[in-house]
Amino acid sequence: MVEYILSFEKSYSSMYVVARKEGRNTMHQQSKRRYHSKGTKHKGIATVPCLIIVFAIITGMAVMSAISRHYYMDGTTIQGVDCSKLSVEEAKERIEQAEVTIKFFGGKEYHVQGTDIGRHIVDLQELEKILDEEHKDGSTKEFNLSSEAFTVDQNQMLEYLKSLKELDSSNMQTPKNAYLELGTNGLVKIIKEQLGNKVNYNSAINLAKQELKAGGFVIDFTAITEIYPEVKSSDPELVSKMEQMNKILSAKIELELRDGSLFTLDNKITRTWVSKDENGELILELDENLMAFVNDLNQTVQDLGKTIEYETPSHEVITVSVIEMNRDCIEQEIEFDELKVELEQGKTIRRSPNYKILNVQSEWKSHIYVSKTAQMVYVFEGTEIIRSMPCITGLKGTSRETHTGLFYLILKQLEKDFKLGGHSKYWMMYNYYGEGFHDASWQREEWFTPTGYEKHGSHGCVNLKDKAHGADDASWLYNYITKDMPIIVD
């Protein structure tokens, strides 16, 4: 209709121009005739048709101009929608039905008419104002409506949004951080992160309503989608943690014990140290588990040290029992520190433990051997006997008989009075049975023989000669003996 009116208007404009030209020519010719034929009777009649045509044209143009002011000019866009040659009502309908694009993460898009998602124009005043302005200026522009011009039917909008599977919570995936996991090979690996597509439904409603109310044609939910996790597989801290744990898990430390057996710390053990904390993150509790390992090592060493093999001066190999306090044991703090460094460096190594006590005869720098059978005390440096001394041990065949085994000096004291009577100048206690070395002035010289203890034995101590016997055995031993010197009583 509008195209017809505008075309009609242009046609009448052309006719008006032609008519004016024809009218001027006719009037000119009639004027000449009037001046040259003064007796002509109908000199003004010829001008009447021309005036009628001109009037009709002018009237038509006025009518068409008035009609065209009710339509937008060619090239008019409102809210980005082409409204050329449309009336206000037609423009309203076209804008309402204009396509709205709904975007989700991953490239998924939906296209829907604005009216189908609940958007409508309720105020025509702005559309009418635009129409008036462009006809007043005589030029077209791009126009936008204010948010007050639009209304959103929330029920209709919600009904449409609920139909989208991307907004169904059962189809949503929360982004998952990359994390560490213990693999079947006993080493830690990084599990790659997962992207999410979770959209908060209330936020989606608010965003859609906001965009529709503002007259927009794109609702992009990507901006409110939980997509990217906080921790990625390339995260330096995560990678560093994996590498540190795998060094420990790759280490193999073999500790060679006195009997030649190996006490091994490797992945079979360290992988059991890997667990998850209260947040579900993988951890390797090194200190606590390593200390437990050292305790187990020490217990194994002590169990092996319950007895030792000892070669006597007569080259007889005997088995000697060792009380618990004197058994082989580990310098636990030193061993812990060394193992921790080796683990953190991922080493593969075989070595001996750090012994605090190692009852191996070949390792002794010096030691003392007491032979009850020979009633002799032998002092060794390495494998060499540097002093031999006769003695009297506890009364044979009674509860007073001297205990056998391996011992170490507990204390030494000058001037000792005994509860059962007697006094010694040099007292060297080596076990908690109350036994030790000491001088015994009450023992006769002739009793210091291989059989003297059968009748004249002590209460369990090892009696030595000293000044009373014209010797200095007790005083010499007192000055020589130390707490780290093994004492074998056989």
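The accessible surface of the protein chain is about 27600 Å², and carbon and sulfur atoms account for 49% of it. Those areas come from the Shrake-Rupley method with a 1.4 Å probe, and for residues only the protein chains shown count as cover.

Some ground rules. This is a predicted model, in which local features need pLDDT of at least 70 and side-chain atom pairs count only at pLDDT 80 or more, while totals for chains, interfaces and linings use all residues. Residues are numbered from 1 along each chain as its sequence is written, and side-chain values use heavy atoms, with hydrogens and water left out.

The protein chain has 490 residues, and 41% of them count as buried. Buried here is under 20% relative accessible area, exposed is over 50%, and partly exposed is in between, with a 1.4 Å probe and protein chains only. The chain holds 12 helices and 30 strands; these are DSSP runs numbered from the N terminus, H or I of at least four residues for helices and E of at least two for strands. Of the contacts between residues at least 6 apart in sequence, 64% join residues at least 24 apart. A contact means heavy atoms within 4.5 Å.

Next, the cores. A nonpolar core is a set of buried Ala, Val, Leu, Ile, Met, Phe, Trp, Tyr and Cys residues joined through side-chain atoms within 4.5 Å. The largest one has 40 residues, and Y72, I78, I102, M157, L161 and F221 have the most contacts inside it. Helix 6 gives the largest share of this core, 5 residues. A second, separate core has 28 residues, including L180, I253, L255 and L343.

Now the pockets. On a 1 Å grid over the protein atoms alone, a pocket is an open set of points where a 1.4 Å probe fits, with protein on both sides within 12 Å along at least five of seven lines; lining residues have an atom within 4 Å of a point. Grid points are joined across faces, edges and corners, and a volume is the space filled by probe spheres set on the points.

The largest pocket has a volume of about 510 Å³. It is lined by 23 residues, with F418, L420, H438, H459 and C461 closest to its centre. The second largest pocket holds about 430 Å³. K356, Y408, D484, M485 and P486 lie nearest its centre, out of 22 lining residues. Strand 21, residues 355-357, supplies the largest share of that lining, 3 residues.

That brings me to strand 22, residues 366-371, where S366 is found. Is S366 buried or exposed? S366 counts as buried, at 16% relative accessibility. Beyond four places in sequence, S366 touches F380, E381, G382, Y480, M485 and P486.

I368 is in strand 22 too, and counts as buried at 0% relative accessibility.

Last, helix 12, residues 473-480. This helix is largely enclosed by the rest of the structure, because 6 of its 8 residues are buried. Those buried residues are D473, A474, S475, L477, Y478 and Y480.
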